[in-house]
Amino acid sequence: MMADWEVVIGLEIHAQLATKSKIFSGSATAYGAEPNTQANLVDLAYPGVLPVLNAEALRMAVKFGLAIGAKIARRSIFARKNYFYPDLPKGYQISQYEQPVVGKGALAVVLDDGAVKTIGVTRAHLEEDAGKSLHEGPGNASFIDLNRAGTPLLEIVSEPDMRAAREAVAYMKKIHTLVRYLEICDGNMQEGSFRCDANVSVRPRGANQFGTRAEIKNLNSFRFLEKAIQYEVARQIELIGSGGRVVQETRLYDSDKNETRSMRSKEEANDYRYFPDPDLLPVEMDQEFIESVRATLPELPDEKAARFARDFGLSAYDAGVLCASRELGAYFESLVQALGAAHAKLAANWVMGELSSALNRDNVEITASRVSAADLSALLGRIVDETISGKIAKDVFEAMWSEGKGADAIIEARGLRQITDAGAIESVIDAVMAANPKQLADYRAGKDKLFGFFVGQVMKATGGKANPAQLNDLLKLKLSGGGS
Amino acid sequence: MLHNLSIGELADRLAARQISSVELTRHFLARIERFNPSLNALITLTGEQALASAAAADRRLAAGERGRLLGIPLIHKDIFCTDGVRTSCGSRILDNFIAPYDATVVTRIKAAGAVMLGKANMDEFAMGSSNETSFYGPVRNPWDRTRVPGGSSGGSAAAMGARLASFCTGTDTGGSIRQPAALTGVTGIKPTYGRVSRYGMVAFASSLDQAGVFARTAADAAAVLQVMAGFDPKDSTSVDAPVPDYPALLGEPLEGLRIGLLREFFEGLEARNAALIEEALGVFRSLGADTLEVSLPHLPLSVPTYYVVAPAECSSNLSRFDGVRYGYRCAEPKDLIDLYQRSRGEGFGAEVKRRIMTGTYVLSAGYYDAYYLKAQKVRRLITDDFRAAYQKVDLLIGPTTPTPAFGIGAKIDDPVTMYLNDIYTIGANLAGLPGMSVPCGFIDGLPMGLQMIGPHFSEARLLGAAHQFQRATRWHEHTPGGYE
């Protein structure tokens, strides 16, 4: 049944900008402070106070716009979005409505099958976050923490260009990577610094018009985004299939139950009465300002990935993975610098393999890796100079990770140095052959498959330390009856 | 008597140590004690604090410091936040509100060494033209206590008319300084929008509100404005332009000054009112000015335009008064909606509610274009009309009000008639222009005002013209009977 339907997804991503102070007041934005200790008179909306735009937030928004090749508005306007809620002290949120800072742009996303898809960005605008209402604690009371009120957000609105949950995830990951590259958002999803709303609809395959959409609010993990969309798509298809009709509404994803639930329908929705905020003048930017921001752009993930693929002969996929964060890319590049470009593939495999799985397993950021780039390049150097085999190196890596010692120290202490003395390897081969006369006879009678058996026996006897290439050559010679 | 001396004369006597600021302060406090009960011009008295400030000013004077306002007593409109002193804005909803900070206007006047005697009554949230909408009851006009003093700065105007301070502050959103100044026989100036900081001034309509001065004379107003004016980084709409030396420029000759007579102001003008204006024009001609008729074709649209724009902004600005963080909260709220509805329902008066509802309506979906957007377009046309007129003339002159002060209760039940009282003053607010009212005669024993409106940042020209008019006339020296 799924095959008859086309899924249409658009995302509104909220990236909290990494400014030191709030967007319209001088209060700090640090996460986790005691409630209401980072809220001044402006944040509390005292009578008579006025907002003043934080230029750094504007700079960051422009930086994002330039990174996605979007049109930067020379003149943009802040508007008031009016609604009552206790964690919205002014009774309106300052946002942008008709003339956002960042206009149309686009982003290329690599899908699971390696295909590249361009997702349109409709706009990105600046706005302030609300505070938090806490409905817990003594009695029947609600509590309000306004530390977050006035934190700058960049809301990035996509075109309805995504056709599957996985595409939405790939797009969101791409934006996540980008904002961290640009150092405009810490990307911390647990703390809510990076979250999204997903607009989801379905339509019969081939239809021209979009179906009615539901908006799933406040998704703060890639997994929840994927699951929420999958659930919502199935719900809508089932609803339509059973003769029902999708209503335009806001829904909430419950990760415990893995379902979306209706929050409010369009009919109950607020009329936000947007109008230009008379306390803030229109923001005028000249080319000089825009160029000064452009000058601060780092090498972007796509540029870096293209360079990795070109200079180091990596596949587009591997290059993309290594550029998922600026730090990971830097780690990889320092390995390549130490080992030489000829060993880039080895370095890539290790970063994406052993290193990544250790980081994931222990939930450690690359910047806090227990094996530094210098340590890992020392280890890989021992593979390159054939002191140890790749297989032994994995054990050494584990030991480095858990004991925090250098590669050479572990190799020496554990006697893992690879056996490259032909005589020593030959004597082990001789012993193995003597101990397995039947297999030897079978091999010589034409059972070539038994070659692997002998390799395994020799490796077992040497504790895996025999140089694999040498072993291969010597064993072939011996088994065929040659050699000394 | 001290209360009839100009700020300049008082400053000279203070400097010569002929009087002390404490003596001067006691003199005004005694007048307040004597006259305020029948006028209701002040709603908060800060006598003790005033004497302490006066003593401090005396110490500064004794140390040889000199300043135009050092040691001079004043009254602030209760719309300005005053640290540690109740700031009610004439509303029940802020009846218990002690401001935790000073408005920029208050800070500047305080730094100059002026002495605050108390806070002046006003129409609730500056919405009104008669001072009858105050939670604290109507203010009475010292010229006839059965009549209104005008509004919204009615308390400041009445206090000035009765000589209860050397000067008073006020705010003017649609005529709230000029109209009451005219009706109480004092001099009032509303500067260019952006000339004086709005920070700490409780907002009514942010794009129209501007702080200004009530004084006995234009020269006194110049001295006070000199201190109040200037860029404030806390107000994004304040203008970063140098402040001219207003007192030094009062003597600029009027020879060749081109005065425009607004045809729209004189159509249907009551004969006695027209005669007073004509007489005033004669004075200006005798001082060397030329007069010519000009037309602002869109000016008749200013009242309906204003009553869309101002309520729209007020409906949003007043959302912060929700009973959650400060101000009035209803007893025993059942739930959040009940808290909002009753706190606001019980906290706001009828006129404020009328404007919040009007403003909410004109901003709502489906009506925005027809009302708010249309009003903004007309506002632009009115502004362009003024701009075109200033190609031909240096300032515009006409009546401040259609009639002298009306009786308390005469118009309060008829909002449209009340709104028409601002017909001559609103245009300057819509265009952000500076305007002044100076006494120009009497009708039935009640004072009338001559209004002057100049191009943006022409305060020096307005003050100079008013000063020279006052040197040639004696209207501003009249004091109401019993208050001499």
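## Polar contacts and the salt bridge between the chains

Across the interface of chain A and chain B, 17 residue pairs are found in polar contact, with both residues of each pair at pLDDT 80 or more. Sorted by class, the side of chain A that touches chain B consists of 22 nonpolar, three polar and five charged residues. The model discussed here is a predicted one, and the values below are to be read with that in mind.

The rule for salt bridges finds one such pair across the interface of chain A and chain B. Asp279(A) forms a salt bridge with Arg198(B), and the closest N and O atoms of this pair are 3.1 Å apart.

## Extent of the interface

The contact between the two chains draws 30 residues from chain A and 39 residues from chain B. The area buried between chain A and chain B comes to about 2,800 Å², and carbon and sulfur atoms give 59% of that area. Within the area that chain A buries against chain B, Pro47(A), Phe84(A) and Arg273(A) supply 23%, which is more than any other three residues.

## Salt bridges in the whole structure

Taken over all chains, the structure holds 64 salt bridges. One of the salt bridges joins Arg326(A) to Glu183(A), with the closest N and O atoms 3.5 Å apart. This pair links distant parts of the chain, 143 residues apart: Arg326(A) belongs to helix H7 (residues 326-339) of chain A, whereas Glu183(A) lies in the loop between helix H2 (165-181) and strand E10 (194-204) of chain A.

## A helix pair in chain A

Helix H13 (residues 437-444) of chain A and helix H14 (residues 451-462) of chain A have axes that come within 10 Å and cross at roughly 145°. The crossing of H13(A) and H14(A) is left-handed. From H13(A) the contact is made by Gln439(A), Leu440(A) and Tyr443(A), and from H14(A) by Phe451(A), Phe453(A) and Phe454(A). By class, the residues of the contact of H13(A) with H14(A) divide into five nonpolar, one polar and no charged.

## Backbone details

In chain B, the peptide bond from Gly151(B) to Ser152(B) is cis, with omega near 5°. Ser152(B) is located in the loop between strand E3 (115-120) and helix H5 (154-161) of chain B.

In chain A, Asn218(A) has a positive phi of about 55°, although Asn218(A) is not a glycine. Asn218(A) lies in strand E11 (residues 214-219) of chain A.

Notes. Residues numbered from 1 in each chain as written. Chains lettered and ligands numbered in written order. Predicted model: local features only at pLDDT ≥ 70, side-chain atom pairs only at ≥ 80, totals over all residues. Heavy atoms only, no water. Axes fitted to C-alpha atoms, helices over the stretch in contact; angles between N-to-C directions. Helix = DSSP H or I, 4+ residues; strand = E, 2+ residues; numbered from the N terminus. Left-handed = near helix turned anticlockwise from the far one by under 90°. Contact = heavy atoms within 4.5 Å. Nonpolar A, V, L, I, M, F, W, Y, C, P; charged D, E, K, R; others polar. Buried area = accessible area lost by both parts, 1.4 Å probe. Salt bridge = Lys/Arg side-chain N within 4 Å of Asp/Glu carboxyl O. Polar contact = N/O pair within 3.5 Å; in protein donor to acceptor, adjacent residues only side chain to side chain.
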